[in-house]
Every structure is written in structure tokens, then in C-alpha cells.
Amino acid sequence: MLVPGLAPYDAVSNDTLGMTAALRALGHEVTVFAPHARDVAEAVQPHDAIDAWIRGEDDVIVYHYCIGWDFALDLFRRTKARRVVRYHNITPPEFFVGWSEGYVGACTAGRAELDAYAALNCELYLGCSPFNLEDFSRRGVDPARSAVVPPFHKVEELLAVAPDARRTGNNADGAPELLMVGRIAPNKGDLALVDALTVMRRTSDPRTRLIRIGKLDPNLERYGVAVREHVREMGAEAHVVAIDDATPGELRAAYAAADALVMLSAHEGFCVPLVEAMALGTPIVALGSSAIAWTVGDAGIVWSEPDPHLVAMSIVRLHTDLMLREMLRELGRARYRTVFAPAALAKGLEAAFARFAA
Amino acid sequence: MSSSRADNADANDSYLERVKAEIRAEADAARMRAPLPRKEAPPPRRAESLSHDGTIDRARRDYTIAELTGEHYTAFVDGAFRALLKRPPDEPGLEAQVRLLAAGAPKAEVLGNLRYSPEGRTIGTNVQGLMPRYALAKLGRVPVVGFVLNWLIAFAGLPMLLRHQRAADTRNAAQFQDAQLQAGRIADDVRGTNARLDGVRSELGDANARLGELKGAFDQRVGTLEARVGENESRLADVPSLRHYVHAVNHWLVSLQSAIDGIEGASDANKAYADSLIAAIYDASEVAAARGARQAAWIEALRGRLGSGARVVDLGSGDGSWAAMLAGLGADVAGFESNGVLAQRARERGLNVAAGDPLTALTRCNDASLDAVTVSGAATGDAFATLLSESARALKPGGWLLITAGEPRRLGDLGGARIGVLDRPIATAMFGAAGFAVDAAFGGPDAVLARRA
């Protein structure tokens, strides 16, 4: 298992460790390699030691492809082992133009490797979603060498923690509450989200709040300033609760209090917060971009356009229509059980890896 | 099962689509009511030039002419102030330099004016190549010499001027294109605003029409109410006489209630008095002794006929002395006594004796539920017939009916408690007709013991 880095509360790290555990449970011997690892319960080996561990053609290298990394590409070009590209997707650089030249460069470099990986004709291209696999199918990768397994996650741990509403509040006044979870970045639709909040406050309930949970990379500070300015222009400073270091208990409380998880991101390779919302019974209102429509399935209100009025009226409807709310909660829980629960993921992984059994 | 799940999924999809259509309609209405101040998110910021960012790099002391002349008009003058004098331009200074530019002065002259001003010399910023160009610009202002010099410079600079002219044309075309785009956006906004205004105008028209309808309906309702008020006013004229009648009827009802209370009070007092007389009879020592002797004979007759736990109803329990004897046989006894004074005494002895009409109590017993019915003070006439029929109904087959004379034994009716002495041959015939067999072995003088067939 090769990954550019491991850290807590990171989707790629959670997938790497979850997949490692699932493969071990299937009887495979698995070792994790990474240039750096922080606060993870796994004996991680240095990435440049991986050559010494490869014994021959029976071995399988699973590379978690989420940024540009020369080392991994070189390894895949020269190794005798069988190769699995676990593709988490890379945000197109256009989203960062004007906000961060560093991100533009990193994303450009990351996506530039797509052609090279497609040309390698690896034994398996393992996408987190059908949307991710489109990047390879467009480059001529044989569908028989492709499979979709949603990412492993820590949602079960989230279900087990007690809610901590000290910072998020428990919505005691009954005001409508929007929740957005994910890092603050130009592709995440924060500006549209503030617009939706504004529409709700102007047309429905002036008390409406937005709970925004996620970190802002200092390299995207310019975008953070633009979001804060937009909030100020809309007069919504007192109605946005931004938490950049939420604990699992606080995340649980936020999901419990919210009328809906509002996901207006324009680009997602999978979007784990949607799975968290389904498991915790929080209805979803989303923009059906990229992988979002597939991840949500029938378990949410999905729009094809990022219209703040549509989003706002969806929240109003959810806030007042208990029948709709209950129906979406049930559909979400059902989709989690059948598609995204750990047992379902392990089963999908076993089926995808069955090709290596011979 | 799977078909049912598919049906549910289809139903959910259909319901969700309907909800989404409703939400879309609500969003359209909300968009008309409260449009956002702008439709697009703010564009990404770009790195800004020296003259635009409002900052002053005080440490920098070296510039090139090209760096300082990239901007035009006020932006150029603003940047020159910040670079050469390390401060924003004051209003008169800005105006003077802009006026120079408007009069055709080269940018190098403006830069030189600032750089070689006393303030500029104190700061001492170096602008490469500025001095000769500034000197030429100033020399160009000298009469005759300046005229010739300008001609020479202009002639020498013709190729450059042509190049600048072409560049200016391109720049103007680009700006014109930008202006057109901007105008297009403004036109779109105006069209949007007009559309919203049309919508608002239409809504206002609808609202006015609705208001007219409501006003008509309101006027009609007011007319109806006024007519009814007129009718009610005429009716109200009769109210004083009606009030008189109501008061009179009320007074009569109060009097009637008072009279009824008096009658009921007298009846209750009479009943209590009668009860106390009968109780007095019970208290008489001779009567009590005679009763005790009779009851001793009756209880001996029942001993052996009633098993332990037998359910017995005793009608006319008196002060409970007979019920106590029955209980002594192990029977489960429920007694009923119409005399309130005696019933109270029985309860004070710890016996289950209720105050009330004994015959009514018998009619409330279940069919074939009793092992024995004992009666003290037999009823007469219709009441006696009811006693026999109800006893036959309530007794189990083989159950016992004991009817005895009460107290006083020969005084006839008193206080509603009818008392008689039974004639054995008549009783035998009557009991036989009612489904009982009189026990010939029981020879009590004032009692009959019969068994339910």
C-alpha cells in the first residue's frame, strides 16, 4: 500500500488504513509505505524502502493516487509487481486560478500523470466512484481492468462518539440550520452556500444559521478572505459558525442539529461527508456535480444547477415537511447500509481483488 | 419482496420528483420576491500593480522609467507619487500633474517634476535615465529652441509614434470590446430588472383586482350587518318586559325548589323516625330474647345443610345478629337492611350489611349463584311473589330459602317494612308452585325452610 502521506481526519489516509485492514482480514499480508505519517496506528515503512519488499510478480502494489508524485510513477514503470491505481481524483487546476498559483501548479502536475498511468496498462484501476474512472476510460483504459470501490472511512467511529454541542449548538431555538463539511477551497462552493443562506434569511427565517466545518489551507488565504468578505457583504457574520478544528463529537452534534448537509461543491471524487450524513440520518441537499450525484443516489435532494434560491427553498421544505425529512433520513440510512457500510466495502474490495487470486 | 421494494422505490422517486417540482416553483417565486444583489460569485483576485494596491514600498529606491509609466492618467500620477515621494498624492499636486498630462506633457516630465522637486530630492529615489529625458522635456518648453527641438524629436520618433499609434489602436479596440461586454451585462441586468418589474407590476394588478373584490365583499357584509343590527334594535325594545317575565319565572322556580326540599326533608325525617322506632323494638329485652331463641332454632336447622364457604344472602338483616350466626357456620354472608339505624349497628359489629331495599338487592344477584337466601320479615302481595321468583332464579339447584317472621311479629306494616306470619299449609302450596319443596322436618313456628328444586 503506497500513499503520499498519512494523517488523522484525512480521507485518503482513512481509505488506505481501512483497505489495509480489509485486505488483512481476507488473509493477505499488507505493508503500508509513505514518505511521512503522523498520528496513525500503523507501522508505516519509508516509501523508498518499497523496492526491497517487492519479491516478484505475485506481489501487488496499491498506489493511492491523489497528487502528482514522480516516485510512484517511476516505481510503476519499473516494478515487476502487479499494479493497482487507487484513484481518489485530483481537483482540476482551473478552480485555483487567481487564488493560488501553488495549487494550480500542484493540480496541473497531478493531473498530468493521468496520461502516464493510463498508458501503463496497470492490472487494476480502482476508482472511488464511477466519475473517477471516467478520467481513465477517456484515456482508453480497458473497462475490464477497472472497478469501483467506495473509499473506506471512519463513519462507524463517528456513530459511536457522544455528541458535543458546546460549540456547534443544539439548535435550541428551532431556527433552520445548514451544515457544510469539508475543507475551504474554491471548488467547494462556499460563495454559493453563503448566497443560499442569504436567500433563506431574506425569504424565510432571518435566524437561519450556517455551520461551516473545515480547514482553510494558508495557501488559500486569499480565497478565505473572499468568503469572509462575501459573508460580511451579505450581513451574515452573526449567522455563520466556522469551526476549523472540530472533534468527532462536535461533528456528530453538528450533523444532529442540522436540517440538512448542504453540499454545493463543483468537484468531488467521492465526498465522504455525504456518507457521514446518510449514516447519521441528516438529509442532504446537493449540487449534482462530479461524483456527488452517484454518491447521494436517491437519498437526497440533488439539483443540476447551483441556484441559491433552489437550495434555500429545499432547506425550507425540509424544515417544515416532516414526512419528506423522515423519508430522506430512511433512504440515507438504507443507502449507507447497503453500499457504504464497512461490510459492503470489504465485499466490494474482495470482488475487485478476486482477479489476483490465481 | 423485491417487487414490493421496487414499488416503494418508484413511489419514493415519484414523490421526490413532485417535491422537487414544488420546490422549484417556490424558488422561482422567492427569486421574484428577493433577488440577490448580484448573480455571480466574486471573481478571483489577481495580483495587483504598484499603483493600485494602495501600498507604499518605502525601502525601494531604484526604479526604471518603464516601471513607472505602465499606467495612465490618474493611476500613473498616483503610482509616481507613491514611488518617488513615498506618499499618496495630495489633491492639488494630483490635479497639477494631471493637467500637465492633459496639456500634452510627456510622462517623463511629470516624473521629473516629482523627482526633482525639493521633496523628491530629499527622498532621492533613483530613476534610471530620467534626467536626460526630463531635461529634453524641459528644453522643449524653451521658445524657438524648444520648437525646433520638438520638431527634431518628433521627426526622429516618427517610427516609434506609428508603433505607439498602432498599439493604442489595439488597446482602444480591446477596451471597446470590454466596454461592449460590460454594456451587454448591464443590458442583461436591465432586462432582468425590467422582467422583475413586469412581474411586480402584474402582481400589483392582481393585488388591486383582489382588493377590489374584497372591498365589494366587505361592503356587502357591512350592509348585511347593518340590516341585522336594525332588526336586533327593534327586538331589544321588548327586552324589559321579557326580563320581567324571566324574573317572575325564576322566583316561582326558587319557591318550588324550596317546597320540594321541605317535602323531601319531612319524608327523610319520617323515615328516620320510623327506623328509630323499629330499632327500639329490637332493643326491647323480651323481644331480643325471643328473637334469640327463634334464631337459635333456625341456625340448628341450617347446620349440616350449609357447607363451609356457602354463599348466603340475608334479606332484612336487622342489627346483624342472624347474619353473625350464619357467619359462625362458615358461610360467606352478604346482608341487606332497609332500616338505616340497624344496618349501621350491624356494620359496627364488623358484618357485611348494606343499607338499602333488600328485594332490590336480591334482583341484582346472578342466576344460580347462591347457596341460600334467608329472609326476615316476609313481604306481602306482589313483593312476596317477586321474592319467590327472584330467590328461585338466584339460588343454585338444591339451594335453601329460609323465610322467617320479623319484628314486631304481629303489628302489620310499619315504616315500609311489611311483616307477616306465614301459614304453613298455604306456604307449602305457594312454595311448591314457585319451584321449592318445603322442608317438613323444619318445625319452626314462625318460619318456612324450603329447598330449590
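In this predicted model, A:Arg83 and A:Glu123 form a salt bridge in which the closest N and O atoms are 3.4 Å apart. A:Arg83 lies in strand E2 (residues 82-87) of chain A, while A:Glu123 lies in the loop between helix H4 (101-119) and strand E3 (124-127) of chain A, so the pair ties together parts that are 40 residues apart in sequence. Side chains of opposite charge can pair when their charged atoms come close. Over all chains, the structure holds 46 salt bridges, and some of them are described below together with the chains that contain them.

**The two partners of the lead salt bridge**

- A:Arg83 counts as buried because its relative accessible area is 12%, and buried means a value under 20%.
- A:Glu123, with a relative accessible area of 24%, is partly exposed, because that class covers the range between the buried limit of 20% and the exposed limit of 50%.

**Other salt bridges**

- In chain B, the side chains of B:Glu213 and B:Arg210 meet in a salt bridge with an N to O distance of 3.2 Å.
- B:Glu213 and B:Arg210 are both in helix H9 (residues 158-236) of chain B, and because they are three residues apart there, about one helical turn separates them.
- B:Arg210, one member of this pair, is partly exposed, with a relative accessible area of 47%.
- Another salt bridge joins the side chains of B:Lys396 and B:Asp371, again with 3.2 Å from N to O.
- B:Lys396 belongs to strand E7 (residues 395-404) of chain B and B:Asp371 to strand E6 (residues 370-376) of chain B, so this pair ties together parts that are 25 residues apart in sequence.
- B:Lys396 has a relative accessibility of 32% and therefore counts as partly exposed.
- In chain A, the residues A:Glu29, A:Arg55 and A:Asp59 are linked to one another in a network of salt bridges.

**A negative surface patch**

- A:Asp298 from chain A, together with B:Asp10, B:Asp13 and B:Glu17 from chain B, forms a negative surface patch.
- B:Asp13, one of the residues in this patch, lies in helix H1 (residues 2-33) of chain B, and its relative accessibility of 35% makes it partly exposed.

**Chain A as a whole**

- Chain A contains 14 helices and ten strands, and buried residues make up 59% of its 358 residues.

**Helix H10 of chain A**

- Helix H10 (residues 272-280) of chain A is mostly covered, since nine of its nine residues are buried.
- The buried residues of H10(A) include A:Val272, A:Pro273, A:Leu274 and A:Val275, as well as the charged residue A:Glu276.
- A:Gly281 follows H10(A) and has a positive phi, near 75°.

**Chain B as a whole**

- Chain B has 16 helices and nine strands, and buried residues make up 30% of its 453 residues.
- Of the contacts in chain B with a separation of 6 or more, 62% are between residues 24 or more positions apart.
- Chain B exposes about 27600 Å², and carbon and sulfur atoms supply 58% of that area.

Note on methods: Residues numbered from 1 in each chain as written. Chains lettered and ligands numbered in written order. Predicted model: local features only at pLDDT ≥ 70, side-chain atom pairs only at ≥ 80, totals over all residues. Heavy atoms only, no water. Patch = residues over 30% accessible without salt bridge, like charges linked within 9 Å, V, L, I, M, F, W, Y side chains within 5 Å. Areas by Shrake-Rupley, 256 points an atom, 1.4 Å probe, with all protein chains shown as cover. Salt bridge = Lys/Arg side-chain N within 4 Å of Asp/Glu carboxyl O. Charge placed at Lys NZ, Arg CZ, Asp CG, Glu CD. Helix = DSSP H or I, 4+ residues; strand = E, 2+ residues; numbered from the N terminus. Buried < 20%, exposed > 50% of the residue type's maximum accessible area, 1.4 Å probe, protein only. Contact = heavy atoms within 4.5 Å.
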